[in-house]
Amino acid sequence: MKDSLKKIFFLFRLGIVILILALTYWQIIAGSRIANLPENPRLAKQEEKLLRGRILDRNGQIICSTIDGKRQYGGPSSLAPLIGYISGRQGKSGLELFFSRELLGQLPAQRLINFARQLFGKKPEGSDVYLTLDLHVVEAAQRALAGRRGAVVGVDVRTGEILVLATSPAFDPNRIGEDWRRLSQDSSSPLLNRPLQGLYPPGSTFKLITAIGVLNWHLIDLNERFYCPGRIEIQGHTIECFHGKAHGWIDLKEALAVSCNVTFVRLAERLGKERFYETIKNMGLDRKPELGVPVSRTRIPPFRGQGSSSLPQLAIGQGSLLVTPIQMAVLAAAVADGTVRSPYFLRQTQAGDRVLERGHSNWQREVNMAALSVLREDLRYAVAEGTGRAADAPGLSVAGKTGTADNPHGRPHAWFVGFAPSEDPSLALAVVIENAGSGGEAAAPVARAVFQAARDYGYFAGVQD
Amino acid sequence: MWVSLGGAALLGIAVVNVTLHRPLLEMLYGPLLLLAFALGAFLLGQKRDKVLLAATFFLTTVGFIEIYRLKPELAAKQLLWIALGILVMLIASALRSYRWIERYKYLLGTAGLALLACTILFGREVGGAKAWLRVGIWQFEPVEIVKVLLVLFLAGYLQENVSAKPFGKLPLSWAAWGPVLLMWGLSILLLFLQRDLGAALLLTGIFTAMLYLATGQGLFVGTSIFFTGLTVLASTFIFAHVRTRIAIWLNPWDKLSGNGYQIGQALFALAAGGFSGRGLAAGDPGFVPAAHTDFIFVAIAEELGLLGAVSILAAFLFLVARGWQLAMEKNDRLGFLLVSGLVCIFAIQALIIIGGAIKVIPLTGITLPFVSYGGSSLITNYLILGLILGINNCRPADQRDY
């Protein structure tokens, strides 16, 4: 009888221990994971009690802020898919979502400040997020795109900061609730952030890879000339130069300038597929930039087997190869600076005037080789004398490569990938305009407009008109 | 000592967190109440068991503070229930003898069943369970009284029918087994008809525990668990609501906006609490449905954290341990069965509702003794406490030993 009670008491104590273990699990071990589930109503309530931080450009121009409890978006519309929105029905997206921790005042220093604010009866505040973007340049890019479907993205080659980004068409984030139906059904995909999510065949801009490869492995004498009869038959493909034009005897520099397909198919043969893929990898093209917002992964066809593309196709940026503009901008920056850097958006977060954290490039890898300085000169020549002429701005010494990418959706996509100034590069740019025809005619002028805007706002120190 | 320690910890947390959110005057309510209850425990404890009183008063105080914070409009009523409860406890603890329990056991048992039957016939449905009975203007949950009547009946019946030597033999006859099984079967059936699963589980637990206490045979525990399991299994096929309960228990996460809402909100509240809690009146336990009744433990866990929650568990451990210690000291079988059986009610009820609220077992709605809001619950639990104190003070019921 009394033994039974002792056993029951043991069971009861066991029960209490199990409850304490369960409590420890829910409150401590799984606590922060569960507390941050979006279904937790405490999160929304917390936000109401707090003044959400602002998002600003690098110069302190306001992109969005909360006024009278309502989120107001004032930046250029071409940033809308990047910045994202906060909406009751559509939720949060873009950088508004990615920088939640900062904007909701969850950085340790900001929490301390907010604790003090509450002691004095003031409303807690989120931190302000300063982006690396410059709105002046973004607006110039938006004007240059002029409503055509396309993307512009530019990075500071020395740091990886994304200085300019524009997508077109875009939308008005202030009206996302009302416009949602129309936007989500629009065939021109205004919700798509083309610079980061758009996947395009790179066309002739991919000749950079072949050029880097042959220069790196010293497979070419710089004075060596190749004969271009206008077309070449290789591995069952017939590859023609633009409009079937025969370029005659040309060297690498001229081949880049006139974007000679025949020469580059020959050079790629000399490079070989393995080294071609190794160059893609070395230049970081297989590594998706982690930007906190959706970024598409570059589609590099498998080396061999099902779905692979032949080397001649790859050499001229066709086949099943698809790249994002941001990735091409990173490539251009790597050519310009000799270092592959992951790009980033966060310049710094601030509580008032106090800087709480600074952004930086997540990874970088030196690829500096003598090859690149040769290539920089050749790319300068391609703009000064070749297909990229329309990108050249007086006194700026732009370097770059155009591309005209065939695709199954109509006219070719127009590309320009380059940097400036060619002797001491600071800004690398990728421009793509969908179904706009030749890169030299459609994309290069957009690049010029952006480079000029960047110069006007002081990004090319020491360069004068 | 642990009460003062727990109280001090509670106060410290409360003061720090409340500073930011509440006017100065309201900060004093909690401490003043604790003080008042501590004083009460001291005064009433002069002639009664101090540990039992301290533990229950601690639970009642913390519960009251949380109820006041969650539903200020219910605080006055709860205070009235507490006062009535303490009065009932004082009266019950003045018990002189408990021989009558043995004599009137069948009357007590039948009264319990009759109450349950009344609830089914005339009961009102609240929150999916038809568990409320209305008499005049006063509504109450009969099952609260039934659980007491059940323990009294079982204690009386088992002490008469289980032979003393050899210990623990319940004769294998319908005369001996009939009433026990009948009572058991009937109450379970009634409760299933009422859909009051928590109470059904509680009564099953009490039956099993008391049979084991009286006979010392693990066979009863095994059989009971087996049949309970079988009943639950069978009921999942018959009753959709039992099926949902178990499905929610297994995985509430994909049903957060539907059936799993309550348990999901409870887990969010726990997660928000963390180690030291969000502070009294600084959390949002109001998101949890029934936060002031069945889920009060979760509300406390959010605002006072793991510390506060464990101190509640500790109070129950002290309450139950002390109660069973008193039972051990009884030299007569009836006294032993009565005290240990009554304490069982607290023990099982606390495990069922806390376990259910923090997803250790499937959730079945039932109050947390002394802590939850509710007149029937509070008064009955204080009655049980009074009976324990009273029986403890009485001389043995008879000379039969065991």
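1. What share of the contacts in chain A with a separation of 6 or more comes from residues 24 or more positions apart? The share is 67%. Keep in mind that this is a predicted model.

2. Next, the make-up of chain A. The chain has 19 helices and 19 strands. Its C-alpha atoms fill a box of roughly 105 × 60 × 45 Å along the principal axes. Of its 465 residues, 56% are buried.

3. Now the surface and charges. The accessible surface of chain A is about 19800 Å², and carbon and sulfur atoms hold 50% of that. Chain A carries 55 positive and 44 negative side chains. The centres of these two sets are 9 Å apart.

4. On cysteines, the count of disulfides over all chains is 0. A:C64 is buried, at 0% relative accessible area. B:C394 is buried too, at 8%.

5. A:Y85 sits in the loop between α4 and β4, and A:W180 in helix α9, so the pair ties together parts 95 residues apart in sequence. A:Y85 is buried at 9%, whereas A:W180 is partly exposed at 26%.

6. A:Y227 and A:W249 also pair, in a tilted way: 5.3 Å between centres, 50 degrees between planes. This pair links strand β9 to strand β12, with the two residues 22 apart. A:Y227 is partly exposed at 39%; A:W249 is exposed at 55%.

7. In chain B, ring pairs link B:F57, B:F346, B:F370 and B:Y382 into a cluster.

Key. Residues are numbered from 1 along each chain as its sequence is written. Chains are lettered from A and ligands numbered from 1 in the order in which they are written. This is a predicted model: local features need pLDDT of at least 70, side-chain atom pairs count only at pLDDT 80 or more; totals for chains, interfaces and linings use all residues. Side-chain values use heavy atoms; hydrogens and water are left out. Helices (H or I, at least four residues) and strands (E, at least two) are DSSP runs, numbered from the N terminus. Buried means under 20% relative accessible area, exposed over 50%, partly exposed in between (1.4 Å probe, protein chains only). Contact means heavy atoms within 4.5 Å. Accessible areas come from the Shrake-Rupley method with a 1.4 Å probe; for residues, only the protein chains shown count as cover. Lys and Arg count as positive and Asp and Glu as negative; His and the chain ends are not counted. The place of a charge is taken as NZ of Lys, CZ of Arg, CG of Asp or CD of Glu. A disulfide is a pair of cysteine sulfur atoms within 2.5 Å. Rings of Phe, Tyr and Trp (its six-membered ring) pair if their centres lie within 6.5 Å; planes under 30 degrees apart count as stacked, over 60 as edge-to-face and the rest as tilted.
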